[in-house]
Amino acid sequence: MKNVQINISIPLHWKAELENLARIYAVEEEKSITYLDLIRRAIREKYGLTDDV
């Protein structure tokens, strides 16, 4: 699988809220989760994307 890096701009308060959500998910799922993981997960679920190519 090849990845590409993109840069996006989000409001600062979104980042803070996503970081808080990531901490909650990390505790619930017992693994490390970042706010970027949440963004990837949301895009994947919203558009039905898969990681395999």
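**Reading an exposed isoleucine, a core and salt bridges**

Modeller: Start with Ile6, which counts as exposed at 65% relative accessibility.

Biologist: What do buried and exposed mean here?

Modeller: Buried is under 20% relative accessible area, exposed is over 50%, and partly exposed lies in between (1.4 Å probe, protein chains only). Of the 53 residues of the chain, 11% count as buried. A caution on the source: this is a predicted model, where local features need pLDDT of at least 70, side-chain atom pairs count only at pLDDT 80 or more, and totals for chains, interfaces and linings use all residues. Residues are numbered from 1 along each chain as its sequence is written, and side-chain values use heavy atoms, with hydrogens and water left out.

Biologist: Where is Ile6 found?

Modeller: In the segment before helix 1 (12-29). Helices are DSSP runs of H or I, at least four residues; strands are runs of E, at least two; numbering starts at the N terminus. The chain has 2 helices and 0 strands.

Biologist: Which residues make up the largest nonpolar core?

Modeller: The general idea first: in soluble globular proteins, nonpolar side chains tend to be buried together. A nonpolar core is a set of buried Ala, Val, Leu, Ile, Met, Phe, Trp, Tyr and Cys residues joined through side-chain atoms within 4.5 Å. Here the largest has 6 residues: Leu18, Ala22, Ala26, Ile33, Leu38 and Ile39. Helix 1 gives the largest share, 3 residues.

Biologist: How many salt bridges are there?

Modeller: A salt bridge needs a side-chain nitrogen of Lys or Arg within 4 Å of a carboxyl oxygen of Asp or Glu. The count is 4. One of them joins Glu29 and Arg41, with the closest N and O atoms 3.0 Å apart. Glu29 lies in helix 1 and Arg41 in helix 2, so this pair ties together parts 12 residues apart in sequence. Glu29 is partly exposed at 31% relative accessible area, and Arg41 is partly exposed at 22%.

Biologist: How many residues apart are Arg40 and Asp37?

Modeller: They sit 3 residues apart in helix 2, about one turn of the helix. Arg40 is partly exposed at 45% relative accessibility; Asp37 is partly exposed at 29%.

Biologist: Which residue forms a salt bridge with Asp51?

Modeller: Arg44, with the closest N and O atoms 3.5 Å apart. Asp51 is partly exposed, at 44% relative accessible area. Arg44 is partly exposed too, at 32%.
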